[in-house]
Amino acid sequence: MKTYLSIIVVVALLAAVPMVTTSNVVLNFLVTALLIALAGQGWNLLGGYGGQYSFGHAAFFGTAAYATAILQVRYGLNAWVGSFIGMAAGALVGAVIGALTFRSGLRGSYFSLVTLAFAEVLRIIASVAPITGAGVGTLIPLDLHARAFQFQSRTPFYFIALALVAVSLTVIRAIENSRFGAYLVAVRENEDAASALGVDAFSVKLCAITISAAITAAAGCFYAQYFLFIDAGIAYGPWISIDALLAPIVGGAGTVFGPLLGALAIKTLGETTKLIAADAPGLDLMFYGLLLVGIVGLAPRGIAGLSRAISRPRRSSISTPDGSRG
Amino acid sequence: MKIGVLHPVSGALSYSGQQGRLGATMAIDDINAAGGIKALGGAKIDPMLGDAQSTPDGGNAEVEKMNAAGVCAVVGGYASAICLSATQTAARYDLPYVVDVGVVDSIVTRGLKNTFRFGPGFGVIAKTALENLVTINDQAGKPAKTVMIVHEDSAFGAGLAKLLNAQLPDRGFQVLETIPHPTPMREFESVVLKIKAQNPDIIIPANYYNEYVLLARTLQQQRVRPKGIYSVLGGAASSYKFVKEFPEAAKYIMDCNHWFDPKNPKALALKKRVEDKGQFYTYEVYMNYSCMLLLADALERAASTDRAKITDALATSTFSGHLMPYGPTKFVNGQNQGAAPVNTQVLDNDIQVILPAQFASAKPVFPMPPA
């Protein structure tokens, strides 16, 4: 239980937010941050723990978002059921991309580029295929009822997003403590050495990309229900691939809380720079960029790594970012 | 009293967004200078400026903030996807929302009671564009038979391309190819090579400002000279900025687009003021200016900051003091019934209205004379 205590504390603290404030601005801010944290947690499993840097997590996010929306709009399926199928569809895309790339032995930057290409191909297909509504996109009709996974208030959305993040944190913690997690970290540290010791690197990576895709896909389903409109640029656009990798990298890749910390930091940074820049268009984005460069420069291991460096200065550099031995 | 002014002033649509903001804030300055909202004791309008950052979730977050700050209504949105998300968020709070441009028809067909669109939607624009294309072609002795469509691939361009593809064949035009492209897109060489290979009589571009300019310039550089470039909601085709900066590329381009009433002295006076500021008088400016006046008129009649009363006042609006060739405003399910585009053409480094006849300041030049 002790290993999960920190998760319980963090989730309980976040769950208390609606008791402190009823401001929908704050809730909306946190919902979007949790959405990025969830998408980032997916990336974190594959990139942070597995060392496979994907630039194309939009492929999983988008597939899930489209599946959720299309199943409702075109086939009249219930939104909740649609979301589960959406998640499965995202995981399937992950498994297919994983099987193709890992079987071909793509590693490092080649893997990154191929994942980017997959996401782009899907974006282009979605922007012309009739089933996705092509460029017009898919609009989920407004039906503000819980059975349609839509709510008048932001609060239920907040709790659903938080629950999804809580599940993802628990899953990642469980993987971290499992044999599979150890294999994954071993593959990250030295794939050839791991293989020599009997780790089936292909299966480990394939399993990681599938779970990773499912987590990011959950964020896609949530996005579709929250905003009720998706088009090719939103679903498969580079923005989500970037956010999904930026959050864990800023927060601390390969740590359980990295994506959540990173997403909250990035979002807070974005809002703060907006306040500083007031009404000068684009100035906030310049501040944002500068600060981000500063943060990454000062804390190359992310916020989680920075706090560890402060509490335990100059410890072994061989240990993995989360402190456990591969 | 606070009014939300929402535009994508950063990101891919920043130019249009900033032009929209300019129009809206100029209108607010004018309203305030003329004594504010008289029915509310001369209350001044306090604009709350929002940046949608060219994304739907950016628009959504800004509307949340505006609602929390207690605005009485929101004006703007510009891009269709932003309008879809922003109006829906506003609807959660029964916050009246006046859409400035957003042309996708689903913005007003979703049954949101708070949403009003002052300008025309796709359906009307595509229908007018097709009718006018046939008229222009017929008047010239039907020289054009084949068409290629180049459109941006989000809701606006793709929606339009779909409508055109469905209706052009019925009107005697063969669509050789339809080429979608993303926004932003930074080179059009390959698109223009495709056009060159197919050699259509007419090219129909439907994209935002930057891409439109780039496409037109690439066509000029590659010496592609069809019988006509006829855009529908061409991002730049009826923009003074484009005509001034790239007069050669802009020559003879026709466009079916939002346009001010050239016979309205108020519209011409605003044009001069905008140009005196060193800005261009683009459609975002006068549409947002008009939308803000429309809202101010509703506030006068509602004589209240109550959202429901403002919504009722907008729904029953007969406002005619705007700058557009629409006549008195009449909303049916949130859509202004009189809203319609006009056809313009770039002639002698200026933009002239060529259709409809009652607003025309020149006759169409079609086919384009050889270079």
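Predicted model: local features only at pLDDT ≥ 70, side-chain atom pairs only at ≥ 80, totals over all residues.
How many bridges join strand S8 of chain B to S9(B), and do the two strands run parallel or antiparallel? Two bridges join them, and the strands run parallel.

Strand S8 of chain B covers residues 202-206. One of its residues, Ile203(B), has Ile229(B) as its bridge partner in S9(B). Between the two strands in this part of the chain comes a helix to look for: S8(B), helix H8 (residues 209-221) of chain B and S9(B) make a β-α-β unit, and this unit is right-handed.

S9(B) also has a partner in strand S10 (residues 254-257) of chain B. The two pair in the parallel sense, over three bridges. Here the bridge partner of Val232(B) is Cys256(B), which belongs to S10(B).

Is strand S9 of chain B enclosed or open? Five of the five residues of the strand (residues 228-232) are buried, so S9(B) is largely enclosed by the rest of the structure. The cover is found on both faces of the strand. Gly228(B), Tyr230(B) and Val232(B) are buried on one side, and Ile229(B) and Ser231(B) are buried on the other. Two of these names have already come up: Ile229(B) is the bridge partner of Ile203(B), and Val232(B) is the bridge partner of Cys256(B).

The next step is to view chain B as a whole. The chain is divided into domain 1 (2-120 + 263-336) and domain 2 (123-257 + 342-359). Taken over C-alpha atoms, the centres of the two domains of chain B are separated by 28 Å. The contact between them takes 16 residues from domain 1 of chain B and 18 residues from domain 2 of chain B. On the side of domain 1 that touches domain 2, helix H1 (14-33) and helix H3 (80-92) of chain B each supply at least two residues. By class, that side of domain 1 of chain B has 11 nonpolar, three polar and two charged residues.

Tyr78(B) lies in the loop between strand S3 (73-76) and H3 of chain B. Tyr78(B) is not a glycine, yet its phi is positive, at about 65°. The residue has 29 C-beta neighbours inside 10 Å, and therefore counts as buried. Asn349(B) is another residue other than glycine with a positive phi, in this case near 55°. The loop that holds Asn349(B) runs between strand S13 (342-347) and S14 of chain B. Is Asn349(B) buried or exposed? Asn349(B) counts as exposed, because 12 C-beta neighbours lie inside 10 Å.

Strand S14 (350-355) of chain B is followed by a segment that contains Pro356(B). The peptide bond from Leu355(B) to Pro356(B) is cis, with omega near -5°. Pro367(B) is also placed in the segment after S14 of chain B. A cis peptide bond joins Phe366(B) to Pro367(B), with omega about -10°.

Chain A can now be read in turn. Chain A has 15 helices and two strands. Its C-alpha atoms fill a box of roughly 55 × 45 × 40 Å along the principal axes. With 326 residues, a compact globule would have a radius of gyration near 20 Å; the value for chain A is 19 Å, which agrees. Buried residues make up 50% of the 326 residues in chain A. Among contacts in chain A between residues at least 6 apart in sequence, 76% join residues at least 24 apart.

One residue of chain A to locate is Glu176(A), in helix H7 (residues 154-176) of chain A. Glu176(A) counts as buried, because 21 C-beta neighbours lie inside 10 Å. Glu176(A) and Asn24(A) are 152 residues apart along the chain, and 35 Å separate their C-alpha atoms.

The last step is to see where the chains meet. The contact takes 25 residues from chain A and 29 residues from chain B. Helix H3 (24-49) and helix H11 (232-236) of chain A each supply at least two residues of the side of chain A that touches chain B. The largest share of this side, four residues, comes from H3(A). The residues of the side of chain A that touches chain B divide into 13 nonpolar, 10 polar and two charged.

Methods: Residues numbered from 1 in each chain as written. Chains lettered and ligands numbered in written order. Contact = placed C-beta atoms within 7 Å. Nonpolar A, V, L, I, M, F, W, Y, C, P; charged D, E, K, R; others polar. Domains from an automatic or database assignment. Buried ≥ 20, exposed ≤ 12 C-beta atoms within 10 Å, placed from the backbone. Pairing = 2+ DSSP bridges. Right-handed = clockwise from strand over helix to strand, strands pointing away. Rg over C-alpha atoms; globule rule 2.2 N^0.38 Å.
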